[in-house]
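Work through the two exercises below with the sequence and the coordinates at hand, and try each task before reading its solution.

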Amino acid sequence: PEQTETEPALQQGGTLRLNLLDDSGITFDPQKEYYSVTWEFYRCCLLRTLMSYLGLPSDQEGTTVFPDLAAEEPTISADGLTWTFTVREGLTFAPPYQDVPITAEDFVRALEREFTGAVSAGYAFYYSDIIEGAAEFSEGEAETVSGLVADGQTLEVHLTRPTGDLGFRFAMPATAPI
């Protein structure tokens, strides 16, 4: 007889206990952390981002980026300088903020935090070198990042140069909505 695999039912609630034989970074703050083990905790269990990837080997599509909090693949302008993400409708933060919807502004807030020297882990350059107005914001010369435009569930990212791996960059913890 042919055997088929079935997915186990997801258990609601409970406690997830994780143990490390090594340190896990210093902060457990997505804009401050730059440690691969902590990033894996974020990816598997604690954070979600516009784009994501499976925690599998590359020969099993583990390095293929896909929409997570984004409703679909981003739209990219013909010149490669504007990426438009649509945030899924109906998403909320976890308890105790389960009544707070996730909007495009939450991603802007996360990146602005990343561009703030007192917060940044040291990998803000992954974004600040390519997003319009990020350098000016980081240097205190602007109150907002001009290249991040949020309107409800739509996030436009205006770049200084075409950046083909922006989807992967938006799978990194620093871009998680806060």
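**Exercise 1.** Which side chain meets that of Asp 68 in a salt bridge?

*Solution.* The model is a predicted one, in which local features need pLDDT of at least 70, side-chain atom pairs count only at pLDDT 80 or more, and totals for chains, interfaces and linings use all residues. Residues are numbered from 1 along each chain as its sequence is written, and side-chain values use heavy atoms, with hydrogens and water left out.

Step 1: apply the criterion, a side-chain nitrogen of Lys or Arg within 4 Å of a carboxyl oxygen of Asp or Glu; the partner is Arg 48, at 2.5 Å from N to O.

Step 2: Helices (H or I, at least four residues) and strands (E, at least two) are DSSP runs, numbered from the N terminus.

Step 3: check the surroundings, where buried means under 20% relative accessible area, exposed over 50% and partly exposed in between, with a 1.4 Å probe and protein chains only. Asp 68 is buried at 13%, whereas Arg 48 is partly exposed at 43%.

**Exercise 2.** Find the order of the strands in the open sheet.

*Solution.* Step 1: pair the strands, requiring at least two DSSP bridges between them; the four strands follow the order 3-4-6-5, with antiparallel pairing.

Step 1: identify the edges, which are strand 3 (75-76) and strand 5 (148-151), each with a single partner strand, so one side of each lacks a neighbour in the sheet.
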